[in-house]
Amino acid sequence: MFDPSLLKEVDWSLNTATFSPALPGEGLVLRPLCTTALNRGFFKALGQLTETGVVSPEQFMKSFEHMKKSGDYYVTVVEDSPRTNCCYRRVEDVVVSDEGRGKQLGKLLLSTLTLLSKKLNRYKITLECLPQNFGFDKKFGYTVSEENYMCR
């Protein structure tokens, strides 16, 4: 998907969100989406946010290769081996699976994606979310726009 070293180079000193009691991390791995996600809970977690329908392995691989070749997708996964607990798809679909809720994984993921976008010199980040999530997302510097999404 993208070079995983980008995630290691994220400057956490620029993070605006606070974690309590501390940044989650023990046993967690932040990594780009890979093809094994198909069998590791990616669509199960994504299905808790939006309707995904039935995706065949061939459809998944075709979409994955398209995203990889474009060079403009940074689909990031927070994984608590061996389960996938949280996933990201273009800052449109941020979801934490039921098993991972309450562990600050959403905060970890959105902080990582925000800092990664800064590292990649993106001038603007759009975050599509439901109005009931605005309070959470404002912690990361996002504001509500007239288009009904938050941007930074």
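**Lys-107 and its surroundings**

A: Start with Lys-107. Leaving out residues up to four places away in sequence, Lys-107 touches Ala-17, Thr-18, Phe-19, Phe-136 and Phe-140. A contact means heavy atoms within 4.5 Å.

Q: What kind of model is this, and how are residues numbered?

A: This is a predicted model, where local features need pLDDT of at least 70, side-chain atom pairs count only at pLDDT 80 or more, and totals for chains, interfaces and linings use all residues. Residues are numbered from 1 along each chain as its sequence is written, and side-chain values use heavy atoms, with hydrogens and water left out.

Q: Back to Lys-107. Buried or exposed?

A: Lys-107 is buried, at a relative accessible area of 14%. Buried means under 20% relative accessible area, exposed over 50%, and partly exposed in between (1.4 Å probe, protein chains only).

Q: Which backbone oxygen lies 2.6 Å from a polar atom of its side chain?

A: That of Thr-18.

Q: And how far is the C-alpha of Lys-107 from that of Ala-17?

A: They are separated by 7.5 Å, although the two residues sit 90 apart along the chain.

Q: Which helix holds Lys-107?

A: Lys-107 is in helix H4. That helix covers residues 105-119, and Thr-112 lies in it too. Helices (H or I, at least four residues) and strands (E, at least two) are DSSP runs, numbered from the N terminus.

Q: What does Thr-112 touch?

A: Leu-7, Val-10, Trp-12 and Leu-30, not counting residues up to four places away in sequence. Thr-112 is buried, with a relative accessible area of 1%.

Q: How many residues of H4 are buried?

A: 13 of the 15, so H4 is largely enclosed by the rest of the structure.

Q: What is the span of H4?

A: H4 reaches 21 Å from its first C-alpha to its last, close to the 21 Å expected at 1.5 Å a residue. The expected span is 1.5 Å times one less than the number of residues.

Q: What comes just after H4?

A: Asn-121 does, with a positive phi of about 60 degrees.

Q: New topic. How many residues are in the largest nonpolar core?

A: It has 19 residues, and those with the most contacts inside it include Met-1, Phe-2, Leu-33 and Leu-116. A nonpolar core is a set of buried Ala, Val, Leu, Ile, Met, Phe, Trp, Tyr and Cys residues joined through side-chain atoms within 4.5 Å.

Q: Which helices supply at least two residues of this core?

A: H1 (5-8), H2 (42-46), H3 (57-70) and H4 each do. The largest share, 3 residues, comes from H3.

Q: And the second core? 

A: It is separate, has 7 residues and includes Val-78, Val-96, Leu-108 and Leu-109.

Q: What does Leu-33 touch?

A: Met-1, Phe-42, Phe-64, Met-67, Val-75 and Val-77, again not counting residues up to four places away in sequence.

Q: Now confidence. Which element has the lowest mean pLDDT?

A: Strand S3 (residues 83-89), at 38, while H3 has the highest, at 90. pLDDT is the predictor's confidence in each residue, from 0 to 100. Over residues 82-90 the pLDDT is below 50. Where pLDDT is low, the predicted coordinates should not be read in detail.

Q: What does the chain average?

A: A pLDDT of 78, with 84% of the residues scoring at least 70.

Q: Last one. How many helices and strands?

A: The chain has 5 helices and 7 strands. Of its 152 residues, 41% count as buried.

Conventions. A polar contact is a pair of N or O atoms within 3.5 Å; within protein, one must be able to donate a hydrogen and the other to accept it, and residues adjacent in sequence count only if both atoms are side-chain atoms.
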